[in-house]
Amino acid sequence: MGATRIEFRLRFAIYCVIFTLGFWAPWIGTRSLGRHHSLLEWLALELSRLGLLSFHAATVAVIVIASLAAAAAVVLRLWGSACLGAATVHHGQMQASSLMADGPFRYVRNPLYLGTWCMTIAMAFIMPPTGALFTIVLISIFQLRLILGEEAFLAARLGEPYQEYLRAVPRLVPRLRTGLQSAGNRPEWLRAVLSELLPIGVFITLAFLSWRYDNLLMLRAVLVSLGVSLVARAVVMRPAARSVAAE
């Protein structure tokens, strides 16, 4: 079942609630954000206990995996936003002005949602293990609802061309090759960077700050990235809002 329009309009707030509960994990008793043992620490410890790797090697491996997930999120979110347009990506309503089959959309239908899922995986390494599981499961369910809702909306608005696109491009598992020709649209890289500072900040946090093994520091870095991204996004969205008002 697809998401309702209200869910789509409030998707950012819903994401924030899920992530907050994941970091907080109130069901495990400790009330302070960032004071839990993280999934990163837990996985490294379990790998060393099983004798698969030394604790140092296991820690390095887990940090590298988390950083790669964050890097994938940056690539997918940034590339998708540059091609689709930051104003469309962060709009409060579903948009269906034309079929988008450019950039990453030639290889996977939902690169932005896939990027958000990769960012969720990356951020989960900073959460306590149960909070990480909670967040990954709920974000996955919510994103699937958003995807199904958008697909139904676009199919109704765009008709047969979109049906052909559905048959040609996979929903979430990217193809390495595509037969679709690029539409030649010019990506808006600067606006995309400004609108996607959160995944960039998450990558920087995991790639550079995780080596200090300070969960509270990493949480603060993520929160700073979120705050900066909201300010930058407001700047990016302002010209688009004025254009719509003028029409």
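Which residues of α3 are buried? In this predicted model, local features need pLDDT of at least 70 and side-chain atom pairs count only at pLDDT 80 or more, while totals for chains, interfaces and linings use all residues. Residues are numbered from 1 along each chain as its sequence is written, and side-chain values use heavy atoms, with hydrogens and water left out.

The buried residues of α3 are L39, L40 and A44. Here, buried means under 20% relative accessible area, exposed means over 50%, and partly exposed lies in between (1.4 Å probe, protein chains only). Helices (H or I, at least four residues) and strands (E, at least two) are DSSP runs, numbered from the N terminus. Viewed down the axis of α3, the buried residues fall within an arc of 130 degrees, so they line one face of the helix. The arc is that of the directions from the helix axis to the C-beta atoms. These buried residues of α3 pack against α4 (55–84), α6 (111–124) and α7 (129–158); contact means heavy atoms within 4.5 Å.

A25 lies in the loop between α2 (11–24) and α3 (39–49). Its phi is positive, about 45 degrees, although A25 is not a glycine. A25 counts as buried because its relative accessibility is 0%. After α3 comes G51, whose phi is also positive, near 80 degrees.

The loop between α5 (86–89) and α6 holds N110. With a relative accessibility of 8%, N110 counts as buried. Leaving aside residues up to four places away in sequence, N110 touches I147, E151, R171 and L172.

On the surface, V64, L68, W211 and Y213 form a nonpolar patch, with about 400 Å² of accessible area together. Patches are made of residues with over 30% relative accessible area and no salt bridge; like charges are joined within 9 Å, and nonpolar side chains (Val, Leu, Ile, Met, Phe, Trp, Tyr) within 5 Å. A salt bridge is a side-chain nitrogen of Lys or Arg within 4 Å of a carboxyl oxygen of Asp or Glu. Accessible areas come from the Shrake-Rupley method with a 1.4 Å probe, and for residues only the protein chains shown count as cover.

W211 counts as partly exposed because its relative accessibility is 37%. Y213, at 43%, counts as partly exposed. Y213 has a positive phi of about 55 degrees, although Y213 is not a glycine.
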